[in-house]
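User: I am new to this structure and would like to learn how its features are read, one at a time. Could you take me through them slowly?

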Amino acid sequence: MNAIIASALLGVLMMFASWIFDNEKTHTRIALVGLLALIVANVLQLNGIYTIPVDYKALLSFTQFGLYVNTILFILTFLYVWLNGDEIAKIGNHAADFYALFFFILCGASILTSFNNLLMLFIGVEILSIPLYILTGADKKNLNSNEAALKYFLMGAFSTGIFLLGITFIYGATGTFHMIAPSVNPATGMVREQLMQSAGLILIFVSFNFKVSAAPFHFWTPDVYDGAPTVFTSFMATIVKATAIIAFVVLFHSQYKALGYAWELLLTFVLISTLFVGNITAVFQRSVKRMLAYSSIAQVGFMLFALYGSSSFADEGILLYIMAYSVASIGLFGVLIKMKEYSFEAFNGLAKKEPLLAAMTTVFTLSLAGIPLTGGFFAKYYMLNAAVQSGVGLWLVALAILFAAVSVYYYFKLIQAMYFMEGEPVMHEVEQRYKYKLLVFAILILALGILPNVFLSYLYF
Amino acid sequence: MVLLSILSIPFIAAIILLFVKQNEKANYIAIASSGITLALALNITFNGAVNFDASWISSINARFVLTADGLSKILLLLTGLSFPAIFMATSKNEIKNRAQFLSLMLFTQTGLLGVFLAGDALLFYFFWELALIPVYFLCSIWGGEKRIAVTFKFFIYTFLGSLFMLIGIILVYTHTADQSFAIQSFKEAGLSAGQQLTAFALFFTAFAIKMPIFPLHTWQPDAYEQSPTAVTMVLSAVMVKMGLYGVMRWLMPLFPNAFGAHSNFVVILSVIGILYASFIAIRQDDMKRLIAYSSIAHIGLMSAALFANNEIGAQGVLIQLFSHGVNVLGLWIIADIIEQQTGTRSLKEMGGLAKQNPTLGILLVGFAFANIALPLTNAFVGEFLMFNSLFQFKPWIAVAAGVSVVLAAIYTLNMVQKCAYGEVSEKMSKMQAPNVPAQFVLIVLLIVVIISGVYPAPLFDLTADTLQQLFIK
């Protein structure tokens, strides 16, 4: 509750900041302080201290898991703003406006991690989504950015419609917005109400697939990620996507039984097509930014393994996954922002000119590919273990692994360009300070890859 | 504690080397660190069983366990011996950014030592991959003309194999009673016959690619040829042993039934590989490729003897793990010296080494004899035991594999003849005496070859405990 109230208030505060202060550096500083306050407010609640007592009529439920996810998301946002503050200031007229939008997104995120009711879920998703449409179109003079925003908005509105339809079905079947898993009598099979509820759940499933850009509902992703200003792509592809995935997992861990046998079939279909589309298409990309867009689809494929069943591996795994994936992606986008051109060739010879930058890019890339000693390895490991434990066929796991090997192909193209190709990298000047900031991300990735335990133990204390 | 230090010394040295600029200094650091590692390896070898156990990822019960039994010790010894030898022998070679090169080599050594010491399945997998990453960079940066494509093929091959092993590990892990990655729990995991077979296949794929067993070997000759010679030495002397080690440490004890059921299949594949590689070796003109194929044939024999699944074969392999490493290292160093000084690897352009430089000629002949396993050389002991085991397994297989001895004599002696004898060729006339460290290394290696050939008893004693564990009835 602390986080929801604080983030909404901070959002409003941030809007007025651009009115009072003219300096964009100050805006970034205020945002950082605000994020710190948000983290503190959330950690206070994690320890049982509430600022304002609110009777939320069981619409929300605050679990250790949800609050810990909040903490992770806020810290990630903090790191993201800390790294990218200068870049955000370069876009549009008032950086403070964007920060206000970030806070609203985080407000939506903290609702999504604690919903206990379908209406709250819907409100959370919308609070999260609407600022994103604006962020995508933030580069007003750029046609691609405008196109991406319009596309995103139209597709997003469509998926919202499907979402609402699903909720309506469920309401019609159960008479409540609270989530009740139906108890199916095996002798009679599903009766009409239960069928309706299942249909509603499937519609919500589809809509969520859209939000997390799982195939075959992924078509908006490459264009939007490519068209949006790179700093905001970095935010959308990591923190926002992580939130959506967490909400997805939390919702269906409590509801998947309602779908019975069909659940596994549906999920398997989506999972395979996501892995397939993401990985295979990424192989053919010429632009690193588009490659990252497709690879983010592919990564979602792996995250979907957490949906098969609730286990400690699935819960811990999805947390590790969003941490490892987000940190590595923010880092990699952080490097990409400094390039003048997004083709693979632009990275040629980076290792010679900027050895530290190249080494860090390598760490991020290796993590996304899931190589040991980086966080990405344990993320993938936990997911696979969760899948095997929930009784998924080994063939599916083997298939996922084949796709992981495919992903090595396109991730390593970047490493090959940096280390083994001769050339002059096409890039902006990179300040020493920026490199040290990136170093924090690289160290985090390595820490996640050596002692993932440290990051998970907070789930239980 | 000594186990932890043998792992951390190359690791720390590798990190220090990242910040060193001067070549000379880098050389000293690398040689010193690998020398200390060798001393520690000797120390571990001659002391009793040692263990290191620390908590790692408690929530999934993975522990940082290092153990050293006979099997580990013999490979520890090989790894310990190979690296200083390689560093010294190549210390005068022209290498760009030597400090970085040596740093990556030491990271590789850390990974290899970790593989041979890990007593926990997840840790084993961790090091298994770690040994691969630095090699990928070494070959792709310092390799030959086609290095990028060839190394990538090598990387994808082994990476895919190890991912299959990862599924195997997960499969066994979910069936352990106490949900842990310890070897003991893995051995006692209640797998059904079908699951055992699946897990066996998954682990086997990883090891078969690494060894490599025919028909998964296609990455190897190219990778050996395109890698810088120092890396080729690591690959063929130590790294291929990872596959054989994996079989003995994990495959045999974990899945005894599936192992027994598939021995025929694997032995036949291995024998095909031996003959295939030997015939190709005969046709080679490139000295590096010849040694590469000869190495494939030798590893094939070791895998055949291992899968024959009898005690005498395992004993032979345990000895040969060490001997093959030393022999092939000697051959590579000589090939490298010749290439560095004459600029050619083609046997056609060689000739007269014995006249031009008698010392090197004698050394070449010595290692060539070891390569064809003549008595009094170390390889004789191991190969004798291995053929014996194949004969016990199925006489006709021993006959088929026995052909390879003849073939080995053909290609090895052919190489010696073209390289060492005859008139001094134009290229060979540029040959000078090899530098002192290289010569020193070769002589030491040859002494090891002869001593362990004449008096192999210490090696038998060293590996007795592993044999006992593997074949307890």
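User: In which loop of chain A is the place of A:S213?

Analyst: This is a predicted model, in which local features need pLDDT of at least 70 and side-chain atom pairs count only at pLDDT 80 or more, while totals for chains, interfaces and linings use all residues. Residues are numbered from 1 along each chain as its sequence is written, and chains are lettered from A and ligands numbered from 1 in the order in which they are written. Helices are DSSP runs of H or I with at least four residues, strands are runs of E with at least two, and both are numbered from the N terminus. A:S213 lies in the loop between α7 and α8 of chain A.

User: What is phi near in A:S213, and is the residue buried or exposed?

Analyst: Most residues other than glycine have a negative phi, and most peptide bonds are trans. In A:S213, phi is near 55 degrees, a positive value in a residue other than glycine. A residue is buried if 20 or more other C-beta atoms, placed from the backbone, lie within 10 Å of its own, exposed if 12 or fewer do, and partly exposed in between. A:S213 has 26 other C-beta atoms within 10 Å, so A:S213 is buried. In chain B, phi of B:N309 is near 60 degrees, also a positive value in a residue other than glycine, and B:N309 sits in the loop between α15 (287–307) and α16 (311–342) of chain B. Because B:N309 has 21 C-beta neighbours inside 10 Å, B:N309 counts as buried.

User: Which residues does a cis peptide bond join in chain A?

Analyst: The cis bond joins A:A215 and A:P216, with omega about 0 degrees, and A:P216 belongs to the loop between α7 (192–211) and α8 (220–227) of chain A. In chain B the peptide bond from B:M211 to B:P212 is cis, with omega near -10 degrees, and B:P212 is found in the loop between α9 and α10 (219–226) of chain B.

User: How do α9(B) and α12(B) cross?

Analyst: Axes are lines fitted to C-alpha atoms, for helices over the stretch in contact, and the angle between N-to-C directions runs from 0 to 180 degrees. Angles under 35 degrees count as roughly parallel, over 145 as roughly antiparallel, 65 to 115 as roughly perpendicular, and the rest as oblique. The axes of α9 (residues 193–210) and α12 (residues 241–254) of chain B come within 7 Å and cross at roughly 155 degrees, and the two helices are therefore roughly antiparallel to each other. Two residues are in contact if their C-beta atoms, placed from the backbone, lie within 7 Å; among those making this contact are B:F200, B:F203 and B:F204 of α9(B) and B:W250 and B:L251 of α12(B).

User: How many residues does each chain give to the contact between chain A and chain B?

Analyst: The contact takes 22 residues from chain A and 22 residues from chain B. On the side of chain A that touches chain B, the largest share, 11 residues, comes from α16(A).
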